[in-house]
Structures are given as C-alpha cells and as structure tokens.
Amino acid sequence: MPPEILKGDQYDEKVDIWSLGVLIYEMATGKAPFECPSIDPSHTEEKTMNKIIDGDLRIPISISPKLHNLINCILTTQPWRRLSLE
C-alpha cells in the first residue's frame, strides 16, 4: 500500500505507479520491498507499514544501477516526485 493511503492522505493515480514499483522490485528480488519479518508475527504488519511511511527502502546491490534508479524513483514517499503518467 502506498504511504499516502496508509497515512489517510489525498491520493491520485500515482498510487498505481507505486504498485508497479512494488511489482518490479518483487520480480527483481523475489521479495516484497518493505517486508519486515519479525519474531512476533503480530507486529510484522505494523513494522512493514512504518517502513513504507518512513521510506525505509533497501535495494540489494545485486540490482543493476538503472533498475535501482527506476525502483528508487517509483517507490518514493514523495508522490509528486513519482514518474508522471502524462
């Protein structure tokens, strides 16, 4: 879920771009971008949501620089900086 939806902020079609970024990350790494495994499963969802809101994205060094840049541009917590659909 994009940070603006988690925070209850206004959002537009750029949340779809966020979803695309999540899919690209998952296809490239086999994992969810903000996944936060926890010893206590009852806190996993909360920790993951906090990582999304904080923009705590860790992209593996095995990702090519161009793909790294694309993912970084799309999965930003600043929606006005996401790629434009226009």
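Q: Lys and Arg count as positive and Asp and Glu as negative, with His and the chain ends not counted; how far apart do the centres of the two sets lie in this protein?
A: This is a predicted model, where local features need pLDDT of at least 70 and side-chain atom pairs count only at pLDDT 80 or more, while totals for chains, interfaces and linings use all residues. Residues are numbered from 1 along each chain as its sequence is written, and side-chain values use heavy atoms, leaving out hydrogens and water. Each charge is placed at NZ of Lys, CZ of Arg, CG of Asp or CD of Glu. With 9 positive and 13 negative side chains, the protein has its two centres apart by 9 Å.

Q: In what order do the elements of the protein run from the N terminus on?
A: Helices (DSSP runs of H or I, at least four residues) and strands (runs of E, at least two) are numbered from the N terminus. The protein has four helices and zero strands. Reading from the N terminus, then, you get α-α-α-α.

Q: What share of the accessible surface belongs to carbon and sulfur atoms?
A: Accessible areas come from the Shrake-Rupley method with a 1.4 Å probe, and for residues only the protein chains shown count as cover. The total for the protein is about 5900 Å². Of this, carbon and sulfur atoms take 54%.

Q: Is arginine 82 buried or exposed?
A: Buried means under 20% relative accessible area, exposed over 50%, and partly exposed in between (1.4 Å probe, protein chains only). In the protein, 29% of the 86 residues fall in the buried group. Arginine 82 sits in the segment after α4 (65–74). Its relative accessibility is 4%, so arginine 82 is buried.

Q: How far apart are the C-alpha atoms of arginine 82 and valine 15?
A: Contact means heavy atoms within 4.5 Å, and arginine 82 has contacts that include Pro3, Val15, Trp18 and Cys73, leaving aside neighbours within four places in sequence. Arginine 82 and valine 15 are 67 residues apart along the chain, yet their C-alpha atoms are separated by 9.2 Å.
 
Q: Which residues does threonine 29 touch, not counting those up to four places away in sequence?
A: Threonine 29 lies in helix α2 (residues 14–29). Its relative accessible area is 22%, so threonine 29 is partly exposed. Serine 62, 33 residues away in sequence, has its C-alpha 8.9 Å from that of threonine 29. The residues touched by threonine 29 are Pro60 and Ile63.

Q: How many disulfides does the structure hold?
A: A disulfide is a covalent bond between the sulfur atoms of two cysteines; here it is called when a pair of cysteine sulfur atoms is within 2.5 Å. Cysteine 36 is buried because its relative accessible area is 15%, while cysteine 73, at 30%, is partly exposed. The count of disulfides in the structure is zero.

Q: How far apart in space are glutamate 46 and cysteine 36, C-alpha to C-alpha?
A: Glutamate 46 belongs to helix α3 (residues 44–54) and, at 46% relative accessible area, is partly exposed. Cysteine 36 is 10 residues away in sequence, and the C-alpha distance is 9.0 Å.

Methods
Lys, Arg positive; Asp, Glu negative; His and termini not counted.
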